[in-house]
Number of protein chains: 2
Amino acid sequence: MYEVKMYEDILNLFKETGNKISKSAGEIYGTDEASEIIGNGAGGDKTKKIDKIAEDIVISEISKNFDDFCLISEEIGIKFFGKASDMACNKFFFVDPIDGSNNATRGIPLFSTSLAFSTSQYINDIKVGYVKNIFGEEYCAVKGKGSYKTDVHKIQKKILMNSKDDIEFLGVEFAPCGKNLDEISKIMQLAKHYRTVGSIALGLCYVAGGALDAYIDLRPPRILDLTAAKLIIEEAGGICLGKENLKVDTKTKVNLIAGNKKAVEKINKILEI
Amino acid sequence: MYEVKMYEDILNLFKETGNKISKSAGEIYGTDEASEIIGNGAGGDKTKKIDKIAEDIVISEISKNFDDFCLISEEIGIKFFGKASDMACNKFFFVDPIDGSNNATRGIPLFSTSLAFSTSQYINDIKVGYVKNIFGEEYCAVKGKGSYKTDVHKIQKKILMNSKDDIEFLGVEFAPCGKNLDEISKIMQLAKHYRTVGSIALGLCYVAGGALDAYIDLRPPRILDLTAAKLIIEEAGGICLGKENLKVDTKTKVNLIAGNKKAVEKINKILEI
């Protein structure tokens, strides 16, 4: 029971952190300052000021509450704090400070912060997942305790995925120049409506919350983008299929199918990721 | 000059109406009540309660300010008020109360209200256009007076489209079962990133505001969905290409390409809409 209490404390810490990021990132959203390039992230992308501001808040908030931990984030990479080291660490934080930076800097108010806590560097050991739409709703899960959505009216509800056969609404991301369209077009034939959100963490949470029936991303996306949402989908009763039990770092990328069991099986029969 | 003053008054009326819709539609967003089917709209779609609430606000606000006018909206169809008639009317309001109802009812907080004023039933006579993201920013234009965006921080700025050659970010909507993918895939090859927003009015405003470099919808969408955004793009210096000078009603649909001159020419060379 000690762990569950700790996990709930971590979730509360994530919520506070998310609110602080919403305030600060929300303030510079849409300004030239937000998109100012201030360096190269460990994951290979350019670091924009809005990313850096959000990451600094995460580091500061976690440091206030923990001494020895590892934080893996797109900008700073893999960093051990206090006495934690490669050989001795049982607290890992997987962070995507701003998922959907392009939306944020170009002026589409749909981007999120994604925070996960794991007892190892492996994705299957994640115990707490949290995703917040910077201007809106919030999704979260504690391992074994279910998934919850807090909507724009601040009302929190447990979310449970349905088991329907149809994929009516499909979330889908495309590779540049539509290079993977041949593969994706086979899946698109299954659906009626599509959404390309531009924030993977948020797109996956829309699956957990029932706004989308399934989601595919074969660009492939970085594993860091989906750590929190994976637990949120699983705790809502769904499946987030990638390679099994990957070690989380800033560079690994993974093809992704998410949905309820039937949807994922139907899609994977075609794609065989 | 009398007209411009009147157009600005109408824009203010639209802004007040948009704020009222944001409040009421925002309140029931995500509830079962929002998606309750309460009838069949004139445009052929089922009328959801959230659509009806928004439409009622528009009718009430316009009726308070005008006696004789025509209102064309997806739910009620083409309706003349006061002494206005098919033979005598110079005030037309084109209304899409909730553009992106699917987002609204399934739980994606990205949907808008679209209001346009025209001196005839023809789209080229539109004088005022207004689109509001229910939970966020607002776009508007008065004919000959430029386009403006009011961001989430309530700061209003004039928007002007760039004239760059590249289509880096493409907004695109797909037909059910991806039936028009063959055609669309040729355009997708031109771009690097894609967004499928699920609200045409908002997607088009993202073009006007520079978040997207171009936008295509060949499902085709209903003309009512794009009336306001068409003026907003044009007043921002862009092009919103559909069939020329269409008469606006609830049923006409039109293939659509939007962007700056170069982008639209590049796309239309391939599509020839």
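In chain A, helix α5 (residues 181–188) packs against helix α8 (residues 261–271) at an angle of about 145 degrees, with the axes 10 Å apart. Axes here are lines fitted to C-alpha atoms over the stretch in contact, and angles run from 0 to 180 degrees between N-to-C directions; helices are DSSP runs of H or I with at least four residues, strands runs of E with at least two, numbered from the N terminus. On the α5(A) side, Glu183(A), Lys186(A) and Ile187(A) make the contact, and they meet Ile267(A), Ile270(A) and Leu271(A) of α8(A) (contact means heavy atoms within 4.5 Å).

A word on ground rules: this is a predicted model, where local features need pLDDT of at least 70 and side-chain atom pairs count only at pLDDT 80 or more, while totals for chains, interfaces and linings use all residues. Residues are numbered from 1 along each chain as its sequence is written, chains are lettered from A and ligands numbered from 1 in the order written, and side-chain values use heavy atoms, without hydrogens and water.

Now for the interface: chain A and chain B each put 42 residues into the contact. About 3300 Å² is buried between them, 59% of it from carbon and sulfur atoms; that is accessible area (1.4 Å probe) lost on being put together, summed over both parts. On the chain A side, Arg106(A), Ile108(A) and Arg195(A) lose the most area to chain B, together 20% of what that side buries.

The rule also finds four salt bridges across the interface of chain A and chain B (a side-chain nitrogen of Lys or Arg within 4 Å of a carboxyl oxygen of Asp or Glu). Arg106(B) and Asp213(A) are joined by a salt bridge between their side chains, at 2.8 Å from N to O.

Definitions and conventions. Buried area is the accessible area (1.4 Å probe) that two parts lose on being put together, summed over both.
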